[in-house]
Amino acid sequence: MTASSPAVAAPQRYLETQIRWHSLEIAFWLAALLPFVVTPNYLQLASQIAITALFALSLDLILGYAGIVSLGHAAYFGFGSYTAGLIAKHGWGEPLTGLLIAAAAAGLLGYATSFIIARFRHLALIMITLGLGLLLAEAANSASWLTGGADGLQGVRMWKLFGIFEFDLYGYVGYSYSLVVLFLTFLVARRLINSPFGLALRGIRENAVRMPAIGAPSPAHVRKIYTIAAVMAGIAGALLAQTTETVSLETLSFQRSADVLVILILGGAGRLYGGIIGTIIYMVARDQFSGTTPQYWYFWIGALLVAVVIFLPNGILGGLARLTARWRGRA
């Protein structure tokens, strides 16, 4: 079969179409600059949204595209956060090198655990990821001499970004820094997904047993994407430590893993913008609900989640895509 045959050309045309930037994408990223002008008092929240969106994007790579369900993904987020925090605490507060070291540390942890992850599927995989997350959280709690235990890691001091921009209380530098890192990481994820490797991941999600028959070794691909997702989660955790100058056990908690899973369900798993849209909705809703009913804000989050699952089972972006397809069909 030649490269010019229709069977080969069709996937190539599909990937070329997906790689092209659309006007809505450009408008979305331009709109991400609006908080500097429209809501300057909420830049700290915007920074948290950007960091959580990056964390959700990392989970989407393994859940939405490779079908790896994880209830312990916060292990890599927290590991990156503690790595960046410990480096800054012990005298090296340069943000960019700290970010790279944290990414490498989380990636090594992800690569080491990927050999276990690649061997299991479904319920066993859920239990293993949950167990790994709980083990790391308890290890951090026990090593209070290193992590600070339940009191959190104290004494994190960051240097100025590029030696010029200081992390301020208003969040201008923090949001700018987090948004740029999110965008650059998104570009990597976008190129990765819209490639032959990304197509292989979709095939593994649908049927991992048959993929080796067409030259896509499932365990090797799972290990690669799991390591990449761990690196991205570690970057998100490092951003949190650097912008807040504190690290707590909550970064490793099951609650954080569950929250990011809820975010993906809201936005739509298997869609690059699903995690970002889900994060915006979840974080803004949480901020508003906790302000009006501090004791019962989880009730409203639960009601929102139930409504989305019932009426939009593929998430908000999935529902919008279905409505758009119907409208085009009628047109």
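**Figure 1. The largest nonpolar core of this predicted model brings together 88 residues.** Let us start on the inside of the protein, which is shown here as a predicted model. Within the largest nonpolar core, the residues with the most contacts are Leu-54, Ile-68, Ile-225, Leu-239 and Tyr-282.

**Figure 2. The whole protein is built from 14 helices and 0 strands.** Here we step back for a moment to see the setting of the close-ups. Reading along the sequence gives the pattern α-α-α-α-α-α-α-α-α-α-α-α-α-α. The radius of gyration is 20 Å, close to the 20 Å that the globule rule gives for 331 residues, so the protein is as compact as a globular protein of that length. Its C-alpha atoms fill a box of roughly 60 × 45 × 40 Å along the principal axes. How much of the protein is buried? Buried residues make up 47% of the 331 residues. Of the contacts with a separation of 6 or more, 77% link residues 24 or more positions apart.

**Figure 3. Thr-243 is a buried residue of helix α10.** You can find Thr-243 in the helix that runs over residues 218–244. Is Thr-243 buried or exposed? Thr-243 has 15% relative accessibility, so this residue counts as buried. What does Thr-243 touch, not counting residues up to four places away in sequence? The list is Ser-47, Ile-51, Phe-167, Gly-174, Tyr-177 and Ser-178. For a sense of distance, look across to Ile-101: Thr-243 and Ile-101 are 142 residues apart in sequence, and their C-alpha atoms are 16 Å apart in space.

**Figure 4. His-73 is a buried residue in a loop.** This loop lies between α3 and α4, and α4 covers residues 74–89. The relative accessible area of His-73 is 1%, so His-73 counts as buried. Who are its partners? Not counting residues up to four places away in sequence, His-73 touches Phe-55, Ser-58, Leu-59 and Ile-62, together with Ala-229, Ala-233 and Ser-257.

**Figure 5. Ser-144 is a partly exposed residue of helix α7.** Helix α7 covers residues 144–147. With a relative accessibility of 43%, Ser-144 counts as partly exposed. How far is Ser-144 from Phe-186? The two are 42 residues apart in sequence and 35 Å apart in space, C-alpha to C-alpha.

**Figure 6. Phe-162 and Glu-245 both have a positive phi.** Most residues other than glycine have a negative phi. Against that background, Phe-162 has a positive phi near 60°, and Glu-245 has a positive phi of about 55°. Where do you find them? Phe-162 is in the loop between α7 and α8, while Glu-245 is in the loop between α10 and α11. Phe-162 counts as exposed because its relative accessibility is 58%. Glu-245 counts as partly exposed, with a relative accessible area of 29%.

Notes:
Residues numbered from 1 in each chain as written. Predicted model: local features only at pLDDT ≥ 70, side-chain atom pairs only at ≥ 80, totals over all residues. Heavy atoms only, no water. Core = buried A, V, L, I, M, F, W, Y, C linked by side-chain atoms within 4.5 Å. Buried < 20%, exposed > 50% of the residue type's maximum accessible area, 1.4 Å probe, protein only. Helix = DSSP H or I, 4+ residues; strand = E, 2+ residues; numbered from the N terminus. Rg over C-alpha atoms; globule rule 2.2 N^0.38 Å. Contact = heavy atoms within 4.5 Å.
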